Amino acid sequence: MDEDLVERELYSETIVPLMGNGNVNVIQGIRRCGKSSQMRALSRRLEGYNVVLVDMELASNYDLRDWRKLLRHIEDSLKPDVPNAVLIDEVQDVPEWELAVRDLVARRLCTLFVTGSNANLLSSEYTTYLGGRVNRFFMLPLTYRECLRFREEFGGEGDVLQRLIRVGGFPIIWRFPVPNDSAMHVVRDILDVAISNDVQRRFPDSDTDTLDRILRTVMTTVGKYASANNIYNTMKSSGVKISSATVYSILSRLEAANILIRVFAYDIEGRRNITTRYKYYAADVGLIHAVAGYKAERMPAYMENIVYTDLRARGYEVSVGDENGLEVDFVSEKGDRRLYVQVCLGFTSEEVMGRELRSLEAIGDSFPKYVVLMDAGVFAGPTSKGIEIVGLEEFLSSDL
């Protein structure tokens, strides 16, 4: 095991209590977000175990892409006189992988971890097939607080928050600090591999040019309500020949590859999801720049994307809020906790300030409410109605 692996406590706090309960631990997220490193770091807690690691991205394991051969290889690697832990990395590269996993779970042969970059690994279909014996975890690239820790561990220069905004949180660019331009080359490579392996290889009919156009359209409208039909109309008006069915199919594939995350609206007063309204966010803000370039005028969207992924990494279920027609950027729930969050670059006028506060003031319950500005300045602190106005760095650094 690598000596310099950094265990990410945000995920360990959720995963560790469930280790050893007989279920398979499924860690899912976009490629290079840190799944493999987290899995290996967790294996350190398995003192006295025989640890069997199977990395399906290695050419030497190509023959194991037959689930029967994979199962046989694992069985041959187990030791009868000690507890065993099996770690299968990028399991979606094995057709019918669930057959091997179900067999291992049913026979209780080992503590089992699998990682994958395909969102379908967490689908209810697989959970049902595996008899519900699945602990499911969703992983994202680094949050701001995790970037601070990587800076302490591995060094680097410049303001951490500004670097996160400019290049994103993929662990490799914080583990091996390089200038921002070089970091963005790495992010583009990660995106290219994700598209190649998790979209085009799985769906050979995915036209590269069409996929690129759709992805660019979505990335330039992050934080705005979207739909496959709207994107279809936008592309059609630009002279692109495409069907709405093709747009919907490609969006679904980009979601399955964990490049895009669809976030549904939530009727706060009616307490119900609105499945006909949703927004898209990128799994990491760096992906937006990799597709559409960095533009200072899009800073509000970058801030919103960072706040969304931070809340998700903390374990919150996040929706886009609607309170009688007034928009609330995020309604975040975890257990019996709930947060309402508005994200705004700054208060440029009394009108802007009133609009950002109005939607939160209209909510009748007493759960915490935040307005997150790039720099809260003189506005920092609670309003007369208890809404906390905070800077982005303070919000990302705080315990929520």
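1. Basis. This is a predicted model, in which local features need pLDDT of at least 70, side-chain atom pairs count only at pLDDT 80 or more, and totals for chains, interfaces and linings use all residues. Residues are numbered from 1 along each chain as its sequence is written, and side-chain values use heavy atoms, with hydrogens and water left out.

2. Open sheet. Five strands line up as E2-E3-E4-E1-E5, with parallel pairing. Strands here are DSSP E runs of at least two residues, and helices are H or I runs of at least four, both numbered from the N terminus. Two strands pair if DSSP finds at least two bridges between them. E2 (50–55) and E5 (134–138) are the edge strands, each pairing on one side only. From one strand to the next, the twist averages 15 degrees. Angles run from 0 to 180 degrees between N-to-C directions, with axes fitted to C-alpha atoms, for helices over the stretch in contact.

3. E1 and E4. Strand E1 (residues 24–28) runs parallel to strand E4 (residues 111–116), joined by five bridges. Val26 has Val114 in E4 as its bridge partner.

4. Helices on the sheet. Helix H2 (residues 35–43) touches E1, E2, E3 (84–89) and E4, and its direction makes about 175 degrees with that of E3. Contact means heavy atoms within 4.5 Å. Helix H4 (residues 97–107) lies across E1 and E4, at about 160 degrees to E4.

5. E12, E13 and E14. E14 (residues 388–391) pairs with E12 (residues 369–373) in the parallel sense, over four bridges. E13 (residues 381–382) runs antiparallel to E14, with two bridges. There, Gly381 has Ile389 as its bridge partner. The E13–E14 hairpin has five residues between the strands, and Gly386 takes a positive phi near 85 degrees.

6. How many cavities of 30 Å³ or more does a search of the whole structure find? The search finds two. A cavity is a set of points, on a 1 Å grid over the protein atoms alone, where a 1.4 Å probe fits but cannot get out; lining residues have an atom within 4 Å of a point. Grid points are joined across faces, edges and corners, and a volume is the space filled by probe spheres set on the points. The largest cavity has about 110 Å³. Helix H14 (residues 299–313) gives the largest share of its lining, four residues.

7. Second largest cavity. Its volume is about 30 Å³. Its lining includes Tyr248, Glu255 and Arg262. H12 gives the most, with four residues.

Conventions: 1 Å grid on protein atoms, 1.4 Å probe; cavity = no way out; pocket = protein on both sides within 12 Å on 5 of 7 lines; lining within 4 Å.
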